[in-house]
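Subject: A structure for you to explore

Hello! Here is the structure I promised to pass on, followed by my notes on what turned up in it. Have it open on your screen while you read, and look for each residue as it comes up.

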Protein chains: 2
Amino acid sequence: MLPLTVLALFLTLSPASALWPLPRQISKGSTALKLSPSFNIKLSDIKNAPKDLSDAAARTSNYLRNDKLQALVVDRGASSAERVAAAKSLKTLSVSLVSSSKTVRSISEEAIAPLESRVEGYTLIIPADGSDATLRANSTLGLFRGLTTFEQLWYEWDGSSYSLEAPFNIVDSPAYPYRGFMLDTARNYFPVADIKRTLDAMSWVKINTLHWHVVDSQSFPLQVPGFLELSQKGAYNARSVYTASDVKGIVDYAAARGIDVVAEIDTPGHTSAISKSFPEHIACPEASPWTQFANDPSLITSCTEPPAGQLRLANPATVNFTASLLTSAASLFRSSYFGTGGDEINLNCYTQDNQTQSELTAQGKTLDEALDAFTQVSHKALKAVGKTAVVWEEMLLVHPVTLANDTLVMVWISSDNVAAVVQKGFQVIHAASDYFYLDCGHGGWVGQNPLGNSWCDPFKTWQKAYSFDPLANLTTDQHHLVQGGQHLLWTEQSGPANLDSIVWPRAATSAEVFWSGSGGDIGAALPRLHDIAYRFNQRGVKAIALQPEWCALRPGACDLNA
Amino acid sequence: MLPLTVLALFLTLSPASALWPLPRQISKGSTALKLSPSFNIKLSDIKNAPKDLSDAAARTSNYLRNDKLQALVVDRGASSAERVAAAKSLKTLSVSLVSSSKTVRSISEEAIAPLESRVEGYTLIIPADGSDATLRANSTLGLFRGLTTFEQLWYEWDGSSYSLEAPFNIVDSPAYPYRGFMLDTARNYFPVADIKRTLDAMSWVKINTLHWHVVDSQSFPLQVPGFLELSQKGAYNARSVYTASDVKGIVDYAAARGIDVVAEIDTPGHTSAISKSFPEHIACPEASPWTQFANDPSLITSCTEPPAGQLRLANPATVNFTASLLTSAASLFRSSYFGTGGDEINLNCYTQDNQTQSELTAQGKTLDEALDAFTQVSHKALKAVGKTAVVWEEMLLVHPVTLANDTLVMVWISSDNVAAVVQKGFQVIHAASDYFYLDCGHGGWVGQNPLGNSWCDPFKTWQKAYSFDPLANLTTDQHHLVQGGQHLLWTEQSGPANLDSIVWPRAATSAEVFWSGSGGDIGAALPRLHDIAYRFNQRGVKAIALQPEWCALRPGACDLNA
């Protein structure tokens, strides 16, 4: 056994260790060590190392050469120059798999495995004497996580990459299998390059899921095989489209970085854009409802937003259309999961739709009974092509829909609703607006709103997200149902212009909560969060400043209790 | 006389006119007009046209060629293609000065003139029949404003730049002479390129003043002749410095774009950074005060932030040092104005400084009397080199300091304090935190602050700034004292990563309030604000999205009362 200590205080030492998320177990020393100019990552112990692993190692080498991040201390490392000059050089990081199975799975294959079979742990040992460092794991995905950790250990001064904290012994694995980030590409469109840059950034903090809320009522940018009219008529324009080739590019890029892309086509609400190409399937299309609903304040606060329009869930043709659309869309993705939505179903929309009312009457069904049938057809169709459904909380808590036991349920309205989901025995993904909505607090997007407030004020600070307890109000025997969580970016007021700045470094805080577990101290976390934010900027992702640089260079000096 | 109508409703027509700020007087038609492929801006009627005017005309031509902004309507202009194809072509914009004075002043010279002598009006007439458009003004600065307006009139479709609203008759001039934007480059440093890009953006909405809060307690990036130690020891690092050459570059770049750079060296508070090179002049330097002050909640809320340190205002050597520093720094700038600060003077700092206490006792002065003497020496030194002082409101409202009548007073604590400044007969610049602070509402920057709130919550929406009445609570005979106002970016949580996204398009709203006057309707403004934000992005300034693109393409459709 290695001598391991779980640390927290340690990390407030100067220069602060820059690991984010914090490894579950780490011990470190106080010896200087630098990377040899001939430093290399040795994969030769792995027979038939998959290409995405060698690519990952090449990216690590590239970051080690180009990050050029100076330590966040007042002299930026100058006073350590002599120690670094005299330090031993690390020439090799030797990478190996623990299991000697003949078939080595690629990172990409492992990244898209079901949550329960995803293996991300690794052991990283870096001696202080310059002898080979070793990275070992049971999976190439675990090795990738370890490479990511390795990249964060080094600062640059005068051409040398060094650490002052060798030796390191790190044994690490995530607290929760699902660590996500949700991006809405329907309210405003994001070019593929923005998504790929975001995937890189996600991988740097070990986020393993892109929840891609790809379409919504405002636009339908996804090219779905067999349903090309949807994007032809529903995208904002011909350039604001994700082609099948774009999607494959994104999915492959993500998988090679340990990220599963869980796409969502939100149904039966949030589907107005479908009315442009398949009007027969959409109740209450965009013409009227915003006005009518706006006259009823209780409906405004249900957060319906224009354009209105929902799938005619009682119409058999629409039920079949939806199941076909979902399965065709799902075929573009490699994930075991697919999101079918289910949030904010607006009853007034169906009340005013004569066709839906007649169909319900003819079938002798209530709206909820029709929703149940609609959902079951969709979910069964997805299951038939190997996909497990992901739904928003209303499908369980508001409507009496029959869900398969393995359905993942996302709680968004309030973290208070998590307990109810778990009580019903379902696996939960934390996505609560009161902690993780990145869009809140920037004023309202609704026009003619003089107050300019937003429904989910105030702004959700990184401190708030970092304080989140994924197991709050749950009994011990319910803990296994918590799969993880994510920050979310709804894009009513976001686009390529502020993607990086509204997401980073805030979204890194949930990445740590769901990798390292809760209970972290915000004071101890801040120097490390500065560090990762500065490193992001070195790599071209524009994470914002959390404090004046004066504070960033002096851990603790700007604390209220300093 | 031209047939002029002041419009507001007109602008909600589709496609929305994209003028921002709204001209004071405009009439327009409904005829299509396009720019000829050989369109040119003719300056030959101006004898000896200054180079910065011909440069400005070249930039306008460049924007006309490269903006390629499509109309914000659902079909982006497609349905107008036939009208545009059949439209007359405008071949020439003929630019002339009304006065026939032999000496033509450059834009740069006029931009730095004192506020009362700055002339920015212009008349722009664009016939619908393709005959020459004319731009006339009494100043090259006015011509530049007119060129800026001209640039905003055109959309692009299929290679043509067109308008559907010819003819235009515009007679325009600003409601207030001071329309500014404040940038703090001390909490976090901004490279020169960021500042120049911001100057371009400012000029696009006719902002005429960069209030450059260049140094503060956290860092001293300004190289001041004769005081080079200040930046050598007080800047964050050797690269985070504005050299004299950088400053000249910024000042000249600004002036050529109609912008006066009013620099500020905040005194006697906000000067901790000076202690690194001139410790003898600084009371209570950074070591202790944050802790002590933090123990007294009333002092925390006075917004003192680390590091503490204030000029020893009762020490004659410090008084002389300050006056020399200010005059030397002022020599770098061409403006008639220079900011001497005066906000947030912390009494505890002086109470605990034995030297200051002895000096006060020896001189038989109260602290305020010493502050008065200190300020008068600084201001007289500046006046001797032709500079009028700009101060924060406390110098008038909190401390009984004798100020020259022409001092510009900036109100920041609350817009409620404007009336008190004006009652004392002083000229006021609106800079109130409750309307114009761009940093508010993003959580607190202070460490170990679990709530993560900020002192000036909530976020100041564009709607809030747009609703500002510069003349509120003032009598008619006080109106002339209101010189204008500005948005402000304090950069505790900002840096190059979010400069564009936190500033734009919000800062455009004060630009319109102080150019066009108050009373604008937020519903009518929104389509134009979308337009300028989209145009900014076409020009490489990353203004954020205010709404889903679905709403941006459908003026009014996302209004609450739609």
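Searching the whole structure over all chains gives 44 salt bridges. Please keep in mind that this is a predicted model. Let me walk you through some of the pairs in chain B, and then we can turn to the way the chains meet.

Start with K51(B), which makes a salt bridge with D55(B); their closest N and O atoms are 2.8 Å apart. Why can these two residues pair up along the chain? Both belong to helix 1 (residues 51–66) of chain B, and being 4 residues apart there means that about one helical turn separates them.

Next, find helix 5 (residues 192–204) of chain B, which holds both R197(B) and D194(B), 3 residues apart or about one turn of the helix. These two also form a salt bridge, and here the closest N and O atoms are 3.0 Å apart. D194(B) has a relative accessibility of 10%, and since buried means under 20%, D194(B) counts as buried.

Now for a pair with another kind of setting. R257(B) forms a salt bridge with D200(B), with 2.7 Å between the closest N and O atoms. This pair links distant parts of the chain, 57 residues apart: D200(B) sits in helix 5 of chain B, and R257(B) in the loop between helix 7 (244–256) and strand 9 (260–267). Both R257(B) and D200(B) are buried.

Salt bridges can also join up into networks. If you switch to chain A, you will find one that links D184(A), R187(A), D216(A), E305(A) and E492(A).

That brings us to how the two chains are arranged. The same surface serves both copies, as 100% of the contact residues of chain B recur in chain A.

How many residues take part in the contact? On chain B there are 59, and they touch 59 residues of chain A. The size of an interface is often given as the accessible area lost when the parts come together. Between chain B and chain A that buried area is about 4700 Å², and carbon and sulfur atoms give 55% of it. On the chain B side, the residues that lose the most area to chain A are Q448(B), W550(B) and L560(B), together 16% of what that side buries.

What about salt bridges between chain B and chain A? The count there is 0. The interface does have 18 residue pairs in polar contact. On the side of chain B that touches chain A, the elements giving two or more residues are helix 8 (289–294), helix 20 (522–538) and helix 21 (549–552) of chain B. Helix 20 of chain B provides the largest share, 5 residues. Sorted by class, that side of chain B has 27 nonpolar, 22 polar and 10 charged residues.

Happy exploring!

Methods
Residues numbered from 1 in each chain as written. Chains lettered and ligands numbered in written order. Predicted model: local features only at pLDDT ≥ 70, side-chain atom pairs only at ≥ 80, totals over all residues. Heavy atoms only, no water. Salt bridge = Lys/Arg side-chain N within 4 Å of Asp/Glu carboxyl O. Buried < 20%, exposed > 50% of the residue type's maximum accessible area, 1.4 Å probe, protein only. Contact = heavy atoms within 4.5 Å. Buried area = accessible area lost by both parts, 1.4 Å probe. Polar contact = N/O pair within 3.5 Å; in protein donor to acceptor, adjacent residues only side chain to side chain. Nonpolar A, V, L, I, M, F, W, Y, C, P; charged D, E, K, R; others polar.
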